[in-house]
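Subject: Structure handover

Hello,

Here is the structure I promised to pass on. My notes follow below it.

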Amino acid sequence: MRSVVQRVTSASVTSEGKVTGTIEKGLVVLIGVEEKDELSDVNYMVEKVSGLRIFEDEDEKMNLSVMDVGGKILAVSQFTLLGDVRKGKRPSFTKAEEPIRANELYEEVVKGLREKGLVVETGVFQTDMLVNINNDGPVTILLDSRKNF
């Protein structure tokens with residue numbers, strides 16, 4: 001499972017002309033589910049995202065998590081994170097999980113974050129979405145449950 005995590009001052013997602021999620025200070029988490037991902041990958045993402053210390057403390061050091069600052073999360077499914085461009089210039093998505101299973105695991109990540117007490121807004125799975133992100137810093141972190149990077 002892969003995620004791109006961005007610290008934001010605000011963000012929103014629109015699907016089919018309707019805003020489906022909006023947050024102020026917090027994190028945008030773009031989530032890609034890979035074939036063979038399982039609950040251990042979900043748990044890894046939930047723990048990493050909720051605990052990432054990428055918000056500044058009173059000394060302007062990145063020392064606080066989204067939970068520490070009372071931030072929210074905008075979680076958006078994004079299978080293109082599994083695009084492989086090592087051969088040629090057109091991405092191959094053969095490593096992406098099939099849609100039904102991918103949605104189940106994506107929803108488990110959302111559920112896990114909510115169970116930690118976080119407010120989580122979402123996009124709409126398998127639709128064309130417009131995501132507006134006001135990246136703060138900018139701070140962008142890449143996560144991979146298989147620790148490929």
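This is a predicted model: local features need pLDDT of at least 70, side-chain atom pairs count only at pLDDT 80 or more; totals for chains, interfaces and linings use all residues.

Serine 77 counts as buried because its relative accessibility is 18%, under the 20% cut-off. Leaving aside residues up to four places away in sequence, serine 77 touches Ile31, Tyr106, Phe125 and Met129.

Ser77, Gln78, Phe79, Phe125 and Gln126 are the lining residues closest to the pocket centre. The lining has 16 residues, and the space in the largest pocket is about 250 Å³. Which elements give two or more residues to that lining? They are strand S3 (26–32) and helix H2 (99–115). H2 gives the most, with three residues. By class, the lining has nine nonpolar residues, six polar and one charged.

Is glutamine 126 buried or exposed? It counts as exposed, because its relative accessibility is 62% and the cut-off is over 50%.

Lysine 36 is another backbone point to check. Its phi is near 75°, again a positive value in a residue other than glycine. Lysine 36 lies in the loop between S3 and helix H1 (39–51). With a relative accessible area of 69%, lysine 36 is exposed.

The bond runs from glycine 137 to proline 138, with omega near -5°. Proline 138 lies in strand S8, residues 129–144.

Arginine 2 is in strand S1, residues 2–15. Its contacts, again without residues up to four places away in sequence, include Leu30, Ile31 and Gly32. Met45, Leu81 and Leu82 are among them too. Arginine 2 and glutamine 78 are 76 residues apart in sequence, but their C-alpha atoms are 9.3 Å apart in space.

Glycine 117 is the next stop. It is in the loop between H2 and strand S7 (120–122). Glycine 117 is exposed, with a relative accessible area of 63%. From glycine 117 to glutamate 97 the separation is 20 residues in sequence and 28 Å in space, C-alpha to C-alpha.

Last, the whole protein. How many helices and strands does the protein have? There are two helices and eight strands. Along the sequence they follow the pattern β-β-β-α-β-β-β-α-β-β. The C-alpha trace spans about 45 × 35 × 30 Å along its principal axes. The radius of gyration is 15 Å, which agrees with a compact globule of 149 residues, because such a globule would have a value near 15 Å.

Of the 149 residues, 42% count as buried. Take the contacts between residues at least 6 apart in sequence: 72% of them join residues at least 24 apart. The accessible surface comes to about 8,500 Å², and 47% of that surface belongs to carbon and sulfur atoms.

Best wishes

Notes:
Residues are numbered from 1 along each chain as its sequence is written. Side-chain values use heavy atoms; hydrogens and water are left out. On a 1 Å grid over the protein atoms alone, a cavity is a set of points where a 1.4 Å probe fits but cannot get out, and a pocket is an open set with protein on both sides within 12 Å along at least five of seven lines; lining residues have an atom within 4 Å of a point. Grid points are joined across faces, edges and corners, and a volume is the space filled by probe spheres set on the points. Helices (H or I, at least four residues) and strands (E, at least two) are DSSP runs, numbered from the N terminus. Ala, Val, Leu, Ile, Met, Phe, Trp, Tyr, Cys and Pro count as nonpolar, Asp, Glu, Lys and Arg as charged, and the others, Gly among them, as polar. The radius of gyration is taken over C-alpha atoms; the globule rule is 2.2 Å times the number of residues to the power 0.38. Buried means under 20% relative accessible area, exposed over 50%, partly exposed in between (1.4 Å probe, protein chains only). Contact means heavy atoms within 4.5 Å. Accessible areas come from the Shrake-Rupley method with a 1.4 Å probe; for residues, only the protein chains shown count as cover.
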